[in-house]
Amino acid sequence: MRISLLALGGSEIITIINCMLLLFGGVAAFIIGMNMMGANLETAAGKSMRRLMGKATKNRFLGVATGAAVTAIVQSSSATTVMIVGFVNVGLMTLTQAVSVIMGANIGTTVTAFITAISTTGTEFKITALFAFVSFVGVLMSMLGKKDKIKRIGFILQGLGLIFVGMDVMSVSIKQMLADPEIERVVNGVFISIGYGKDVLTWEIIVLFLLGAVFTGVVQSSSTVTAIVISLTASGLISLPMAIFIILGTNVGTCVTALFSSLGTSVNARRTAIVHLLFNLIGSIVFIIPLAFTSGYIADFLNSFITNVSWQVAIFHMVFNVLTTALLLPFIKYLVKLACLIVPEKKGAPAGSDEHEMLDKRLLRTPAIAVGQVRKELTFMHKLAFDNYKRALNMLLTGDLSAQEEFAKTEKHINDYNSYVSSFLVKLSLLDLAETDEKKVSSFYHVASDIERIGDYAENIVEYAAKMKEEKAVFSDHAKSEILEMDGHITELYGFVNKVFADIDLKYIADVEREESATDEVCCKMQDAHLRRANESRCTPEAGAIYLQLAINMERIGDHMHNIANSVMTYHSHF
């Protein structure tokens, strides 16, 4: 080997350097294209992905289909698995539901292998040339298109074209390098020593498997490594049996991303990453032993009906993942139990008692779903504010201030939510969002502010309750009746606002308007009634002052709830 390398002349060394630089450039173009196409497909298919994730919770077969479809969109099983870790961490998905989606993700990632195989198909008319032109069309669409949808399609076409161009550059660079007889002799000498032929020895299997796992762990993309393997196989640099064992290794190496992503998350989120590792590891172990004896025969079998070795690698990749999923799908419960043994509950903590992370940063990988989760968190924040309002009003009317500590904890929680959600929205707004999602994010800033103000008005009511108790002031029965009337309208308003904002059901907008108008009318009624009672000396100055302030605060709470419902109107026409 050393003698062979020394025997190479200056021109051969320059050829190797040039070809290696082209190879790395091809890898870069492939990764950029894959990311560009995946990111824009993901943004364009935001609504569809939300629907798919909803179906994933129904049964394991739909979960597999969901994982395959989402991964085909984002072009990365690692990205899908990281998303799932985030979903489990925030409670969007249970651990059991996540397992089937992970299995589907392994099937979905084989789409990239088939795209790669198409790009290496040798015909008189090169498919790469066609897709290079498609990329050019995409550039024109993104530059000249005025509508967001047209620009998005342009970016998708650019990404698709770059995938084919990158693969072509990789293949051509390797072929050019091997076109030199001296270089081909040296390279063949290297690969013959590690199983270039049909038969692969035991130690060589381990080396190839580890090579695939380690390289994928470093690159953090099994699709990229698979594309490189297909390019090397198409160039004749490695054999199909060698490619098979490298592909098995990539399935294990791709778990590294999810494992790192799960650090610092809830117990179930960490278990999700462990399940991903177990699934790929068990599948590889189960198949690696029989493949050690049959890889050569499998190569002969595939070659009997398809001569293109790139397609053979892609077909093996798909069949392996489908068979692994079919084999382990019935054992989801046992995989979950094993993951629970590996990652036990924290000592002294009840099951499921992990602190809930409101908006996991991993959700930012899927902006469309992150936007939906922000809505859920704002809905929960709204409930906290409404509960605190009811708690405050009860303290005011009964004079029992024992709930003050609970009120203070909830108010702090509301403020924390407001800060966290606002920070998350800033990060979300910096991403490439669909036009509708941009409008939603913009409206959510105002919604968070409105909810926080409701909490502040509730805090004012608690202060009124403490002041009334200190001054031993009381409301008359008529005053209490008017306060309860106003409270009834606010309670009704809260229910209708939830229907509009949380469920995005616009048929309740008229009910929101009616109840909000009612709070305005009752506020005026309360002010008139107070003046009448003051003139008739039926109201103490202390109670009267608080009563007027209370009426205004309650009416303002109604205004902010009304704003929350109306925020939906800024983007409702896009539904």
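The largest nonpolar core of this predicted model has 79 residues. Such a core is a set of buried Ala, Val, Leu, Ile, Met, Phe, Trp, Tyr and Cys residues joined through side-chain atoms within 4.5 Å. Buried means under 20% relative accessible area, exposed over 50%, and partly exposed in between (1.4 Å probe, protein chains only). Leu 378, Leu 428 and Phe 475 have the most contacts inside the core. At least two core residues come from each of H5 (77-90), H6 (95-108), H18 (367-398), H19 (404-429), H20, H21 (477-501), H22 (509-535) and H23 (541-566). Helices are DSSP runs (H or I, at least four residues), numbered from the N terminus. H18 gives the most, with 15 residues. A second, separate core holds 49 residues, among them Ile 163, Phe 164, Ile 238 and Ala 314.

Residues are numbered from 1 along each chain as its sequence is written. As the model is predicted, local features need pLDDT of at least 70 and side-chain atom pairs count only at pLDDT 80 or more, while totals for chains, interfaces and linings use all residues; side-chain values use heavy atoms, with hydrogens and water left out.

Contact means heavy atoms within 4.5 Å. Neighbours within four places in sequence aside, Leu 428 is in contact with Leu 364, Pro 367, Ala 370, Val 371, Val 374, Leu 433 and Val 441.

Helix H20 covers residues 435-471. The expected span of a helix is 1.5 Å times one less than its number of residues. Lys 472 follows H20 with a positive phi, near 55 degrees. Glu 459 belongs to H20. Its relative accessibility is 32%, so Glu 459 counts as partly exposed. With neighbours within four places in sequence left aside, Glu 459 is in contact with Phe 407 and Glu 411.

Helix H12 (residues 222-234) reaches 18 Å from its first C-alpha to its last, close to the 18 Å expected. Of its 13 residues, 12 are buried, so H12 is largely enclosed by the rest of the structure. Just after H12, Gly 236 has a positive phi of about 80 degrees.

The largest cavity has a volume of about 50 Å³. Its lining consists of Ser 77, Asn 106, Thr 109, Ser 222, Thr 250, Asn 251, Thr 254 and His 317. On a 1 Å grid over the protein atoms alone, a cavity is a set of points where a 1.4 Å probe fits but cannot get out, and lining residues have an atom within 4 Å of a point.

Key
On a 1 Å grid over the protein atoms alone, a cavity is a set of points where a 1.4 Å probe fits but cannot get out, and a pocket is an open set with protein on both sides within 12 Å along at least five of seven lines; lining residues have an atom within 4 Å of a point. Grid points are joined across faces, edges and corners, and a volume is the space filled by probe spheres set on the points.
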